[in-house]
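User: Could you take me through the strand pairing and the disulfides in this one? I will ask as we go.

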Amino acid sequence: MKRFLFLFSLSLLTVSLFAQVWTEDFNSYPDGTMNAPPKWTSMATDCDDGGNLNLGPNQSQWGVYAGQFTINDIEGAPCCAGGGGGSQNEWNSEVIDISNHCDISISVDVTGMGGMECNQPGTPVTGCQNTTPPDNSHDQVVLEYSLNGGGFIQFGYLCGDFGFGNYVSPVFNGNTVQIRIKPANKANAEFYYIDNIVVNGTTPTIPTFTPIGPLCDSDPPVPLPTVSNEGIAGTWDVGPTFNPAGQGGQIVTINFTPNPGVCAAPTPM
């Protein structure tokens with residue numbers, strides 16, 4: 001009696017879906033919130049108002065106000081001569097899991113109000129320069145991300161009041177990402193607002209394949225497709241062919257792995 005081997009492909013959804021992987025719009029926090037662990041934390045230094053981070057509008061404000069993260073007259077460490085500062089304030093997201101999505105990007109809205117100064121348009125200023133400007137006048141927002149625990153990569157720089165609007169990072173892939181925003185301004189009646197921080201991604205496509213079989217275990221090895229019905233290239237865990245010999249009439253599962261960089265999920269057949 002002949003022994004048969006049957007291979008069946010899975011009938012699976014093959015549509016890639018755009019998704020919001022992580023968001024923060026600050027609408028759920030009371031005024032004055034400076035930390036919301038574990039989702040996000042912040043740190044800041046006021047150099048000219050006794051270190052108080054919440055004296056009220058036009059004096060010193062750091063934190064959530066009216067549903068936005070607000071920065072008003074917060075110079076940043078280290079404090080410099082004359083009441084200025086080195087701009088080293090930080091807002092940090094949690095480490096965000098992006099392993100189940102691909103083609104990731106970060107979107108952040110940065111707006112402001114007041115007469116912010118830009119003393120160095122090309123590159124952010126960090127630390128005391130021992131001159132004014134920029135120690136007691138330069139205002140900036142620096143947007144960065146760390147991928148897979150690596151060093152921070154800059155994807156946006158707003159200098160003074162030039163460049164208000166939406167900042168979007170280049171597309172990337174990985175397992176984790178952390179967002180860091182470094183804003184500072186150095187005078188009363190100057191405001192930066194950070195809002196609508198979104199990590200966007202794509203749900204990977206699940207490849208499908210035309211069913212193979214039934215096969216007898218006396219049949220020769222069968223070539224396996226290297227590209228799925230959706231045009232996704234990859235490899236099989238059994239090699240470029242499947243050999244039915246010796247399988248004894250059972251159903252066998254083999255696994256297709258998309259090539260690196262392809263927005264698709266590993267799929268069994």
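User: Which residue is the bridge partner of T235 in β21?

Analyst: The partner of T235 is T257. Strands here are DSSP runs of E with at least two residues, numbered from the N terminus, while helices are runs of H or I with at least four residues.

User: How many bridges join β19 to β21?

Analyst: Three bridges connect β19 with β21, the strand of residues 255-258, and the two run antiparallel. Two strands count as paired if DSSP finds at least two bridges between them.

User: What is the strand order in that sheet?

Analyst: The order is β19-β21-β22, an open sheet of three strands with antiparallel pairing. β19 (234-236) and β22 (267-268) are the edge strands; each has a single partner strand, so one side of each lacks a neighbour in the sheet.

User: Before we go on, what should I know about the model and its numbering?

Analyst: The model is predicted: local features need pLDDT of at least 70 and side-chain atom pairs count only at pLDDT 80 or more, whereas totals for chains, interfaces and linings use all residues. Residues are numbered from 1 along each chain as its sequence is written, and side-chain values use heavy atoms, with hydrogens and water left out.

User: Now disulfides. How many are there?

Analyst: The search of the whole structure finds four, a disulfide being a pair of cysteine sulfur atoms within 2.5 Å. Counting bonded cysteines along the chain, the pattern is 1-2, 3-6, 4-8, 5-7.

User: Where do C47 and C79 sit?

Analyst: Their sulfur atoms are 2.1 Å apart. C47 is in the loop between β3 (40-43) and β4 (54-56), and C79 is in strand β7 (residues 77-79), 32 residues apart. The S-S torsion of C47 and C79 is about -85°, so this disulfide is left-handed.

User: Is C47 buried or exposed?

Analyst: C47 is buried at 18% relative accessible area, and C79 is partly exposed at 43%. Buried means under 20% relative accessible area, exposed over 50%, and partly exposed in between, with a 1.4 Å probe and protein chains only.

User: What about C80 and C128?

Analyst: They form a disulfide with sulfur atoms 2.0 Å apart. The pair links C80, in the loop between β7 and β8 (85-88), to C128, in the loop between β11 (102-113) and β12 (140-147), 48 residues apart. C80 is buried at 9%.

User: And which handedness does the link of C118 and C159 have?

Analyst: The link of C118 and C159 is right-handed, with 95° about the S-S bond.
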